[in-house]
Amino acid sequence: MSGGSTTPRLVTTRAELADALGARRRAGERVGLVPTMGALHDGHASLMARARRETGDGPLVVSIFVNPLQFGAGEDLDRYPRTLDADLEVCDEEGVDLVFAPAVDEVYPTWPPAVTVDPGPLGEVLDGRSRPGHFAGVLTVVAKLFGLVRPDVAVFGQKDYQQLVLIRRMAADLCLGVEVVGAETVREPDGLALSSRNRYLDAEQRPVALALSRALRTAATEASYGAAAALDAARAELRAAPGLDLDYLELVLPDLSPLSADPEPGTEARALVAARVGTTRLIDNVPLILGSSPRPPDRTS
């Protein structure tokens with residue numbers, strides 16, 4: 001196992017993981033982790049590339065584990081894609097040293113677990129409002145992975161922005177000693193944020209799904225006229241998409257706290273959206289800068 005120069009080693013147990021990392025960790029090498037649920041795509045590959053830049057020649061670990069604790073009743077746990085052979089190829093191409101793909105009882109020796117991580121108030125807004133218990137499941141498994149791998153740095157995608165904010169908060173509040181890096185969202189050529197769930201969209205649903213990224217781009221453009229203008233423009237794009245079932249569209253500060261009623265020009269914010277297209281739930285977000293420019297007069301009237 002050496003800085004991306006060999007085929008990834010696949011391990012499935014805690015003991016194998018500890019054995020594989022022990023000597024490297026004792027030698028003081030910087031350990032990197034990219035937690036995933038598999039069904040890897042170019043977005044995941046970009047996380048691995050970022051993690052490699054963060055760790056240098058140190059060991060890079062990718063975990064592949066479909067975490068049952070973060071799926072609620074009626075969600076897609078059973079149909080979530082499991083593509084280990086293809087995932088290993090992606091990891092090989094990205095120079096991953098170690099793939100940790102445990103069974104459920106390896107991660108959760110007792111089920112359900114008696115102790116979980118409470119995400120606090122931030123776990124009850126946005127996706128947490130729509131998916132009760134979801135972030136407790138996410139934070140619990142990430143805390144377990146941090147404990148098992150003991151990484152110096154862990155990389156997560158900004159597409160799951162609320163998840164990223166909560167993991168950063170957990171790492172800081174619980175003094176876990178892990179640097180949590182957020183990597184930029186990777187998009188398909190048509191603008192759709194890469195997601196393992198995109199494969200569920202059929203030919204008619206795909207154009208509908210593009211309304212999410214289109215609405216966010218519009219919000220970012222209109223943000224120079226203020227928060228209300230940004231939200232109004234984004235809502236108009238979403239209303240124009242037949243078959244899109246909007247869950248939420250919100251504009252918040254980067255730490256997910258609410259905007260003030262009259263934010264100062266230059267305020268950094270985040271626009272987040274979630275919606276269903278058919279049975280597929282999609283999320284997306286973009287950063288933006290709020291302004292207070294007067295809107296130019298409508299010259300078409």
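Reader: Why is H44 called buried?

Author: In this predicted model, H44 has a relative accessible area of 12%. Buried means under 20%, so H44 is buried by that rule.

Reader: What makes H44 a residue of note in the record, and where is H44 placed?

Author: The unreviewed UniProt entry places the feature "active site" at H44. The residue lies in helix α2, which comprises residues 42–55.

Reader: Which residues is H44 in contact with, leaving aside its neighbours within four places in sequence?

Author: They are T36, G38, A39 and S196. Contact means heavy atoms within 4.5 Å, and each of these residues meets that cut-off with H44.

Reader: How do you know that strands β8 and β9 pair?

Author: Two strands pair if at least two bridges are found between them. Strand β8 (residues 268–277) is joined to β9 by 10 bridges, therefore the two strands pair; they run antiparallel. A275 stands opposite L282 in β9.

Reader: What is the order of the strands in the open sheet, and why are β7 and β9 called edge strands?

Author: The three strands have the order β7-β8-β9, with antiparallel pairing. Strands β7 (244–252) and β9 (280–289) each pair on one side only, and are the edge strands. From one strand to the next, the twist averages 15°.

Reader: Which helix packs on the sheet?

Author: Helix α8 (residues 205–222) does, touching β7, β8 and β9. The direction of helix α8 makes about 20° with that of β9.

Definitions and conventions
Residues numbered from 1 in each chain as written. Predicted model: local features only at pLDDT ≥ 70, side-chain atom pairs only at ≥ 80, totals over all residues. Heavy atoms only, no water. UniProt positions renumbered as here; feature names shortened; annotations may be inferred. Helix = DSSP H or I, 4+ residues; strand = E, 2+ residues; numbered from the N terminus. Buried < 20%, exposed > 50% of the residue type's maximum accessible area, 1.4 Å probe, protein only. Axes fitted to C-alpha atoms, helices over the stretch in contact; angles between N-to-C directions.
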